[in-house]
Amino acid sequence: MQSVFAAAGGSEGMVRLAEAWHSRVMADEIVSHAFRHGVQPHHTERLAAYWGEALGGPTTYTDNYNDETSVVRTHSGNGLSEEMDDRAIACFDQALQDVGLDASEPLRQVLHDYFAWATRISVSHHYESADDVPDGLSVPRWSWDGLQR
């Protein structure tokens, strides 16, 4: 069976999805607050590489950018924000529609489930401080069956 990454269009599909999500997020009055200090250069390409790696694609994010520890540290120390998480997930669902994924497609549900899990659980471990995040975390992998252990 092909990976979720391949079914979503590979690297090009991940870039389209990351661009669509980022556009939606920046237009959202709540979620855009997370980017008030700007974004790293090539943010959407980095995000696409991260999602691609998580969804069964090549290890481009880890090889070229960083590891899961850096991702979790970036999202740590901000406290809980269910409203922001919910709206970020809604932006992702809209982005899935923007890139042409029909709501009835199994791929769309798998991508939604991944993003909701990643937003609420994986990257949002809610460490009090980036200093509390352990070294050596690897990007979690997600398949058609959910989190791979």
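The legends below describe close-up views of a predicted model. In this model, local features need pLDDT of at least 70 and side-chain atom pairs count only at pLDDT 80 or more, while totals for chains, interfaces and linings use all residues. Residues are numbered from 1 along each chain as its sequence is written, and side-chain values use heavy atoms, with hydrogens and water left out.

**View 1. Confidence along the protein.** The average pLDDT (the predictor's confidence in each residue, from 0 to 100) is 88, and 91% of the residues score at least 70. Helix α1 (residues 4–7) has the highest confidence, at 97, and helix α5 (residues 68–74) the lowest, at a mean of 77. Helices (H or I, at least four residues) and strands (E, at least two) are DSSP runs, numbered from the N terminus.

**View 2. Helix α3 (residues 43–54).** The twelve residues of α3 reach 16 Å from first C-alpha to last, close to the 16 Å expected at 1.5 Å a residue; the expected span is 1.5 Å times one less than the number of residues. Eleven of the twelve are buried, so α3 is largely enclosed by the rest of the structure. Buried means under 20% relative accessible area, exposed over 50%, and partly exposed in between (1.4 Å probe, protein chains only). Among the buried residues are His43, Arg46, Trp51 and Glu53. Just after α3, Gly56 has a positive phi of about 100°.

View 3. With 17 residues, α6 reaches 24 Å from its first C-alpha to its last, close to the 24 Å expected at 1.5 Å a residue. Its buried residues are Met84, Asp85, Ala88, Ile89, Cys91, Phe92, Ala95 and Leu96. Gly100 follows α6 and has a positive phi, near 95°.

**View 4. Asp85 in helix α6 (residues 82–98).** Asp85 is buried but has no salt bridge (a side-chain nitrogen of Lys or Arg within 4 Å of a carboxyl oxygen of Asp or Glu). The nearest side chain of opposite charge, Arg120, is 5.5 Å away. Lys and Arg count as positive and Asp and Glu as negative; His and the chain ends are not counted.

**View 5. Trp142 in strand β1 (residues 142–143).** Trp142 is buried, with a relative accessible area of 11%. Tyr114 is 28 residues from Trp142 in sequence and 6.8 Å from it in space, C-alpha to C-alpha.
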